[in-house]
Amino acid sequence: MAEWVKIGDAIVGRRRPTYVIGEIGINHNGDVEVAKELIDVAARAGAQAVKFQKRTPHISTPEDMRHVVRQTPWGEMTYLDYRYRVEFEAEQYAQIAAHAADRGVDWFASPWDVPAVEFLEELGVSCHKVASASVTDLEMLAALHETGKPIILSTGMSTLEQIDRAVEVLDTDQLVILHATSTYPLPAEEANLRTIHTLQERYGVPVGYSGHETGLEISVAAVALGAVAVERHITLDNAMWGSDQAASLEPQPFVDLVRDIRTVELALGDGVKRVMPGEHKPMARLRRHTDAVIAAS
């Protein structure tokens, strides 16, 4: 197991800057220009990475959902056709990779099946993300382990026993675990942030937080509790069409989140109790008797 994991140019772990991921997912709605705008949002906010989702729809779409008809911005279509409509292929991801590099952010994706792992490997991603829905997909986890790349594992809707099995397959040498609750949007009473400590103690790897709440407070609190990474969905507009848009952060709130995370990092300090520089003048003015040792500190 590792206390720190290197992802791209970043070191993820304790006493390092919180690794902030802008989860684009499928909020681009199949439009590469929207994806580029969302990369710009993440870059302006100061996030280190953006994340997409990659599926092979005829494999990853549940059988009972494939022929369900739904209304979309592109007209009425089956759920399977919709899944194909919002997928990017190699040409689009080449544009995304170039744009992310130009904006100074890393990019990767959550594969939802083994061919998607192979697809992402051909594109040379720096790491892979396991979506909460895939924690029990042991075949895909094994394929991810074979890549030798760092893995970020989300743990929503999973028991500790299921996470144990996933960690056994993935190994802990290059593993980052994210505490998550897969409720959209997430109510505060289901956040259960103390699970961050549970996962740290159980697996001994860097642990972060993947949030689906609508505000900022819970994600900031996660950092105060020791989360070394924070992932949040981002959108250009909460009113855009798509299942994840409402639980995503618009550009300014995402900027505010990264700002607040960096403030909390500074405020956490090193845990050593001492008289701070700004306290010396008030101490001299307000105390009648000043211990010489303290005054000299």
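Helix α1 (residues 32-45) and helix α4 (residues 90-103) pack at an angle of about 20° with their axes 10 Å apart, where axes are lines fitted to C-alpha atoms, for helices over the stretch in contact, and angles run from 0 to 180 degrees between N-to-C directions. This is a predicted model, in which local features need pLDDT of at least 70 and side-chain atom pairs count only at pLDDT 80 or more, while totals for chains, interfaces and linings use all residues. Residues are numbered from 1 along each chain as its sequence is written, and side-chain values use heavy atoms, with hydrogens and water left out.

- On the α1 side the contact (heavy atoms within 4.5 Å) is made by V32, E33, A35, K36, I39, D40, A43 and R44, and on the α4 side by Q92, Q95, I96, H99, A100 and R103.
- These contact residues divide into six nonpolar, three polar and five charged, with Ala, Val, Leu, Ile, Met, Phe, Trp, Tyr, Cys and Pro counted as nonpolar, Asp, Glu, Lys and Arg as charged, and the others, Gly among them, as polar.

**The open sheet**

- Eight strands form an open sheet with parallel pairing, in the order β7-β4-β3-β12-β11-β10-β9-β8; two strands pair if DSSP finds at least two bridges between them, and helices (H or I, at least four residues) and strands (E, at least two) are DSSP runs, numbered from the N terminus.
- The edge strands are β7 (106-111) and β8 (128-130), each of which pairs on one side only, and neighbouring strands of the sheet are turned by 25° against each other on average, direction ignored.
- Within this sheet, β3 (residues 19-25) and β4 (residues 49-54) pair in the parallel sense over four bridges, and the bridge partner of G22 in β4 is V50.
- Helix α10 (residues 251-268) packs on the sheet, touching β3 and β12 (229-233), and its direction makes about 160° with that of β3.

**The hairpin**

- Strands β1 (residues 4-7) and β2 (residues 10-13) pair in the antiparallel sense over four bridges, and I7 has A10 of β2 as its bridge partner.
- Two residues lie between β1 and β2 in this hairpin, and G8 in the turn has a positive phi of about 60°.
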